[in-house]
Every structure is written in structure tokens, then in C-alpha cells.
Amino acid sequence: MSKYDKLWIYIQNNGKGAYKLTFDEIRDIVGIPIDHSFLKYKKEAEGYGYRVGKISMKEKTVIFDKIDGLEL
């Protein structure tokens, strides 16, 4: 089980095509602050039908994009 499973389930259940979450919103969903290890875990999102797009350290946001044509 990944420490980001709650985030992947959250984005999958929302079903939006693409959207942006702040680091604070991710912390609220996961229960821990986002840290550098997120880069290691971001590929897990693909198993839930999403890709992690741009990560902005300046804006403290992460963009998630739905993978087209993927049915889960």
C-alpha cells in the first residue's frame, strides 16, 4: 500500500478530465504533507487512470490529467 493511495482514489472518484490540486489540498486528502518522495510515487496515478502533469513548486500545485481511452 502506497502512502498516496488515498490521493489516487480521490482523483479517480472525481473523474474530471484534468484539474489542479494545491499541496495543502493533497495534504488534507492524504493526511501527510507532500514531499520530495512524491516524485517517486507519481507513476502510481496511472493505475487509477491519471497522469501527474506539471508540479509547480512556485504555486505549490499539482496538475492531474486523465488518460484518454483508459477504462478501469
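The questions and answers below go through the model topic by topic.

Visitor: What kind of model is this, and which atoms do side-chain values use?
Guide: This is a predicted model, in which local features need pLDDT of at least 70, side-chain atom pairs count only at pLDDT 80 or more, and totals for chains, interfaces and linings use all residues. Residues are numbered from 1 along each chain as its sequence is written, hydrogens and water are left out, and side-chain values use heavy atoms.

Visitor: How many aromatic pairs does the structure hold, and is the pair of Trp 8 and Phe 38 stacked, edge-to-face or tilted?
Guide: Rings of Phe, Tyr and Trp (its six-membered ring) pair if their centres lie within 6.5 Å; planes under 30 degrees apart count as stacked, over 60 as edge-to-face and the rest as tilted. The structure holds six aromatic pairs. For Trp 8 and Phe 38 the centres are 5.9 Å apart and the planes are at 35 degrees, so the pair is tilted.

Visitor: Which parts of the chain does this pair link?
Guide: Helices (H or I, at least four residues) and strands (E, at least two) are DSSP runs, numbered from the N terminus. Trp 8 and Phe 38 are 30 residues apart, and the pair links distant parts of the chain: helix α1 (residues 5–14) and helix α3 (residues 38–41).

Visitor: Is Phe 38 buried or exposed?
Guide: Buried means under 20% relative accessible area and exposed over 50%, with partly exposed in between (1.4 Å probe, protein chains only). The relative accessibility of Phe 38 is 2%, so Phe 38 counts as buried.

Visitor: Which residues have the most contacts inside the largest nonpolar core?
Guide: A nonpolar core is a set of buried Ala, Val, Leu, Ile, Met, Phe, Trp, Tyr and Cys residues joined through side-chain atoms within 4.5 Å. The largest one has 18 residues, and those with the most contacts inside it are Leu 7, Trp 8, Ile 11 and Phe 64.

Visitor: Which element gives the largest share of this core?
Guide: Two or more residues come from each of α1, β1 (18–22), α2 (23–30), α3, β2 (50–56) and β3 (61–66). The largest share, four residues, comes from α2.

Visitor: Why are the buried residues of α1 on the same side, and which elements do they pack against?
Guide: The buried residues of α1 are Asp 5, Leu 7, Trp 8 and Ile 11. They cover an arc of only 165 degrees around the axis (from the directions from the helix axis to the C-beta atoms), which puts them on the same side of α1. The face turned away from the buried side carries the exposed residues Lys 6 and Asn 13. With contact meaning heavy atoms within 4.5 Å, the buried residues of α1 pack against β1, α2, α3, β2 and β3.

Visitor: What is the bridge partner of Thr 22 in β3?
Guide: Two strands pair if DSSP finds at least two bridges between them. β1 and β3 pair in the antiparallel sense over five bridges. In β3, the bridge partner of Thr 22 is Thr 61.

Visitor: Where is Lys 60 found?
Guide: Lys 60 is not a glycine, although its phi is positive, at about 60 degrees. Lys 60 is found in the loop between β2 and β3.
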